[in-house]
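Thanks for coming, everyone. Let me put the structure up, and then I'll walk you through it.

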Amino acid sequence: MGASNPHPHCQIWANASLPDEPAKEQASLLEYRARHHSCLLCDYLKVESERGDRLVCENEAFAVVVPYWAVWPFETLVLSKRHLASMDQLTASECDLLGGILKQITTRYDNLFEVPFPYSMGFHQSPTDMTPHEECHFHAHYYPPLLRSATVQKFMVGYEMMATPQRDLTPESAALRLRDASDVHYRDRKS
Ligand SMILES: [Zn+2]
Ligand SMILES: [Zn+2]
């Protein structure tokens, strides 16, 4: 992530066992499904759509929110509106809409910081162990490390390494700033 040589690259990981992050997510999705007979992320998206203040952008098939548990200042979560477990279940038009929503959020990052910067983005989807995973909900995370501007970077240090991550700005204010950085007119409005 910006360690040596600025370049975009992509990795596909296929582990024999689930790594911690997706394993924790799956456990929560399973527990929620058992208790409420519905999908945690479908229900979460409903809440965010009704509130609106942490919603950044959306199209017919996807929505982007700054989750209330965001650790990185402008962390976002891309959620499919339809309950589907993995990328291979996307329809042809949903593939186009996925491309569209990724373009929307990365344009907002570009407009907000107006500088090249490193970030990690990844998809989480159903395990491929040949069993159905009704609990899984296809989504993506963006983890950009920049804080409030192109020159102030967020580091995980001190209390965050010893105890728990702390938020530098509220998810609502991060979402507001990303909403505002929406389009090609953003730079004109600022100048
Ligand atoms: Zn769902
Ligand atoms: Zn995830």
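This is a predicted model: local features need pLDDT of at least 70, side-chain atom pairs count only at pLDDT 80 or more; totals for chains, interfaces and linings use all residues.

His 37 sits in the loop between H1 and H2. Is it buried or exposed? His 37 is exposed, with a relative accessible area of 69%.

Now H1 itself. The helix has 17 residues. From its first C-alpha to its last it reaches 24 Å, close to the 24 Å expected at 1.5 Å a residue. Gln 26 is one of the residues in H1. Gln 26 counts as buried because its relative accessibility is 15%, and the cut-off for buried is under 20%. What does it touch? Leaving out residues up to four places away in sequence, Gln 26 touches Leu 18, Pro 127, His 133, Glu 135 and Cys 136.

On to the metals. Start with the zinc ion called ligand 1. Which residues coordinate it? Cys 39 and Cys 42 each use SG. His 83 and His 137 each use ND1. The distances run from 2.0 to 2.3 Å. What is the geometry of the site? It is tetrahedral, with angles of 104 to 114° among the 4 donor atoms. For reference, the ideal angle for four tetrahedral donors is 109.5 degrees.

Look at the spacing of those donors for ligand 1. In sequence it reads C-x2-C-x40-H-x53-H. So where do Cys 39 and His 137 sit? Cys 39 is in the loop between helix H1 (20-36) and helix H2 (40-51). His 137 is in the loop between strand E4 (120-124) and strand E5 (139-143). They are 98 residues apart, and the pair links distant parts of the chain. Both Cys 39 and His 137 are buried.

Now the strands. How do E1 and E2 run? Strand E1 (residues 55-58) and strand E2 (residues 62-65) run antiparallel, joined by 3 bridges. Leu 55 has Val 65 as its bridge partner in E2. The two strands form a hairpin, with 3 residues between them.

Over to E3, residues 76-80, where we find Thr 76. Thr 76 is buried, because its relative accessible area is 0%. Its side chain makes a polar contact with the side chain of Tyr 109, at 2.9 Å.

One more backbone point before I stop. Glu 114 has a positive phi of about 50°, although it is not a glycine. Glu 114 lies in the loop between helix H3 (92-113) and E4. Is it exposed, buried or partly exposed? At 39% relative accessibility, Glu 114 counts as partly exposed.

That's the tour. Over to you for discussion.

Technical notes:
Residues are numbered from 1 along each chain as its sequence is written. Chains are lettered from A and ligands numbered from 1 in the order in which they are written. Side-chain values use heavy atoms; hydrogens and water are left out. Donors are N, O and S atoms within 2.8 Å of the metal (3.2 Å for Na, K and Ca); water is not among the atoms, so sites may look incomplete. Four donors count as tetrahedral if all angles lie between 85 and 135 degrees; four count as square planar and six as octahedral if opposite donors are over 155 degrees apart and all others between 65 and 115; anything else is irregular. Helices (H or I, at least four residues) and strands (E, at least two) are DSSP runs, numbered from the N terminus. Buried means under 20% relative accessible area, exposed over 50%, partly exposed in between (1.4 Å probe, protein chains only). The expected span of a helix is 1.5 Å times one less than its number of residues. Two strands pair if DSSP finds at least two bridges between them. A polar contact is a pair of N or O atoms within 3.5 Å; within protein, one must be able to donate a hydrogen and the other to accept it, and residues adjacent in sequence count only if both atoms are side-chain atoms. Contact means heavy atoms within 4.5 Å.
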